Amino acid sequence: MRILGIDTSGKVAAAALYDTEAQCLLGQQVVYTKRTHSQVILPLAERLLADTGLTWQEIEGLSAAKGPGSYTGLRIGIAAVKAMAYALQIPCAGVSTLEGLAWQNLAWNGIIARR
C-alpha cells in the first residue's frame with residue numbers, strides 16, 4: 001500500500017510517500033516558506049509524485065498531521081487530505097505530530113530527554 005502523508009502543523013510544509021509492502025520511504029519533499037500552507041502543500045505533493053513516477057491513482061491511502069501544531073495549518077492539511085481522499089475514494093487517517101516525530105528516533109539507543 002502506498003500512503004501519501006502531509007504535515008502542515010508547523011513552519012514547514014512536508015509531504016512524504018511510504019510503501020508499506022516494501023517498508024520504505026519512496027520520497028519526501030519539505031519546504032520552509034513565508035506563504036501559507038494552502039498555497040504550497042498540493043504543489044508539493046504533485047512534485048513528490050512526479051519525482052517518484054507515480055500518479056494519484058496509484059496512491060492507496062492518505063494521512064495528515066493532526067496536532068499539536070498551528071491551528072490554521074492543521075485545518076489546511078486535514079481539509080486537503082479529506083478532499084483528496086473523497087475525490088480518490090481512498091481511506092485517510094490522522095497521525096499525531098508528536099508520535100510522528102518520535103518515530104524518527106526509533107533506531108536511537110539512548111536517552112532522548114530527561115526530566
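The legends below describe close-up views of a predicted model.

Residues are numbered from 1 along each chain as its sequence is written, and side-chain values use heavy atoms, with hydrogens and water left out. Local features need pLDDT of at least 70 and side-chain atom pairs count only at pLDDT 80 or more, while totals for chains, interfaces and linings use all residues.

**View 1. An open sheet of 5 strands has mixed pairing.** The strand order is E3-E2-E1-E4-E5. Helices (H or I, at least four residues) and strands (E, at least two) are DSSP runs, numbered from the N terminus; two strands pair if DSSP finds at least two bridges between them. E3 and strand E5 (92-95) stand at the edges with a single partner strand each, so one side of each has no neighbour in the sheet. From one strand to the next, the twist averages 15 degrees. Axes are lines fitted to C-alpha atoms, for helices over the stretch in contact, and angles run from 0 to 180 degrees between N-to-C directions.

**View 2. Strands E1 and E4 run parallel.** Strand E1 (residues 2-7) is joined to strand E4 (residues 61-65) by 4 bridges. Gly5 has Ser63 in E4 as its bridge partner.

**View 3. The largest nonpolar core has 21 residues.** A nonpolar core is a set of buried Ala, Val, Leu, Ile, Met, Phe, Trp, Tyr and Cys residues joined through side-chain atoms within 4.5 Å. Buried means under 20% relative accessible area, exposed over 50%, and partly exposed in between (1.4 Å probe, protein chains only). Leu4, Ile6, Leu17, Ile59 and Leu62 touch the most other members. E1, E2, H1, E4 and H2 give two or more residues to this core, and H1 gives the most, with 6 residues. Leaving aside neighbours within four places in sequence, Leu17 is in contact with residues including Ile3, Leu4, Leu48 and Ile59.

**View 4. Thr33 lies in the loop between strand E3 (24-32) and helix H1 (37-52).** A polar atom of the Thr33 side chain lies 3.1 Å from the backbone nitrogen of Arg35. Not counting residues up to four places away in sequence, Thr33 touches Lys11 and Val40.

Definitions and conventions: A polar contact is a pair of N or O atoms within 3.5 Å; within protein, one must be able to donate a hydrogen and the other to accept it, and residues adjacent in sequence count only if both atoms are side-chain atoms. Contact means heavy atoms within 4.5 Å.
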